[in-house]
Amino acid sequence: KVVRSSRTSPAILKLKGDIMKLGEIKVATLKLLFAGYENDINVGDLDELSLDENYKSYLFGMNDSINRAFSSIEEKGVLPSKSYTINKADGEVDGQFIRFDLKELIPDYFSMDRVVYQNSRGDYKGHYEYQLEEDVLVLRDFKESDESLRVLYKPTLERINDDTDNDLELDIPNSIASQIPLFVKGDIYREDEPNEASEARNWFESAMSELHKNKTTNIGRVKKIFSQTE
């Protein structure tokens with residue numbers, strides 16, 4: 001017998017391991033949706049459960065809901081920044097400026113974080129001046145042999161589909177990935193159980209807000225400019 005849960009339990013989301021798998025997200029979501037299952041659910045049960053009348057309707061729509069969670073996570077800017085070293089040859093020089101199409105250069109580019117500058121004389125600027133024209137980065141022209149510029153950017157997340165293996169390891173920190181079941185529960189229950197859906201979404205939004213606040217605070221603490229020429 002399966003009993004649907006009556007409340008969101010964040011404790012269910014304390015998952016083990018450094019890298020979460022897609023199947024673990026689905027299992028954690030089922031544990032939020034249901035309680036009292038006679039056997040503990042694990043990733044290996046998902047194929048069988050997809051044929052079970054109690055679970056298949058939830059599992060059927062779960063991939064699309066997880067993708068919507070990915071979109072929300074991208075928009076909130078909580079993913080760790082990635083780094084891309086700019087090569088001058090990839091840009092378009094225009095007078096004293098040079099432009100780089102970030103979407104074209106970086107396959108998983110979502111949004112800009114900041115630009116880091118350093119040169120052979122020991123100068124370092126963690127927040128180098130730049131401008132954006134949509135997704136085109138505009139910098140002052142620079143000497144590549146003497147200067148190095150890195151773009152720190154927020155990445156996109158690769159979307160999943162019905163053919164995606166449940167053993168796929170997600171390129172998402174556990175602190176973020178472990179909150180995805182809350183989003184999915186809120187998504188799945190939004191019509192049938194609006195109160196539970198609202199509670200789950202509030203937990204998710206609260207977690208994302210806290211993660212974003214922590215990242216903003218940490219960036220503020222390390223915002224320094226080093227120069228040996230000053």
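Predicted model: local features only at pLDDT ≥ 70, side-chain atom pairs only at ≥ 80, totals over all residues.
**Notes on charge pairs, a surface patch and loops**

1. Let me start with D167, which is partly exposed, its relative accessible area being 44%. D167 sits in the loop that runs between β10 (147-155) and α6 (174-177). Together with D47, D165 and E169, D167 makes up a negative surface patch.

2. A few words on the protein overall. The fold has 8 helices and 11 strands. Of the 230 residues, 39% are buried. The accessible surface is about 13,300 Å², and carbon and sulfur atoms account for 45% of that surface. Contacts across the sequence are well represented: taking contacts between residues at least 6 apart in sequence, 73% join residues at least 24 apart.

3. Now to the salt bridges, of which there are 14 in the model. As background, side chains of opposite charge can pair when their charged atoms come close. One of these pairs is E53 with K56, where the N to O distance is 3.0 Å. E53 is exposed at 61% relative accessibility, while K56 is partly exposed at 34%.

4. R121 deserves a stop on your tour of the structure. How far apart are the closest N and O atoms in the salt bridge between D123 and R121? They are 3.9 Å apart, which counts as a salt bridge because the cut-off is 4 Å. D123 is buried, at 9% relative accessibility, whereas R121 is partly exposed, with a relative accessible area of 43%.

5. R121 also forms a salt bridge with D146, at 2.9 Å from N to O. R121 is in the loop between β6 (109-119) and β7 (124-125), and D146 is in the loop between β9 (136-140) and β10, so this pair ties together parts of the chain 25 residues apart in sequence. If you are looking at R121 on screen, do follow both partners: D123 and D146.

6. Another charged group to look at is the network of salt bridges that links R68, D187 and R190.

7. Which residues does Q96 touch, once neighbours within four places in sequence are left aside? The contacts are with L139, R140 and D141. Q96 belongs to the loop between β4 (92-94) and β5 (97-101), and at 56% relative accessibility Q96 is exposed.

8. Finally, a backbone point for you to check by eye. E134 has a positive phi, near 60 degrees, in a residue other than glycine. Where is E134 placed? E134 is in the loop between β8 (131-133) and β9. Is E134 buried or exposed? E134 is exposed, with 76% relative accessible area, a value that counts as exposed because the threshold is over 50%.

Notes. Residues numbered from 1 in each chain as written. Heavy atoms only, no water. Patch = residues over 30% accessible without salt bridge, like charges linked within 9 Å, V, L, I, M, F, W, Y side chains within 5 Å. Areas by Shrake-Rupley, 256 points an atom, 1.4 Å probe, with all protein chains shown as cover. Salt bridge = Lys/Arg side-chain N within 4 Å of Asp/Glu carboxyl O. Lys, Arg positive; Asp, Glu negative; His and termini not counted. Charge placed at Lys NZ, Arg CZ, Asp CG, Glu CD. Helix = DSSP H or I, 4+ residues; strand = E, 2+ residues; numbered from the N terminus. Buried < 20%, exposed > 50% of the residue type's maximum accessible area, 1.4 Å probe, protein only. Contact = heavy atoms within 4.5 Å.
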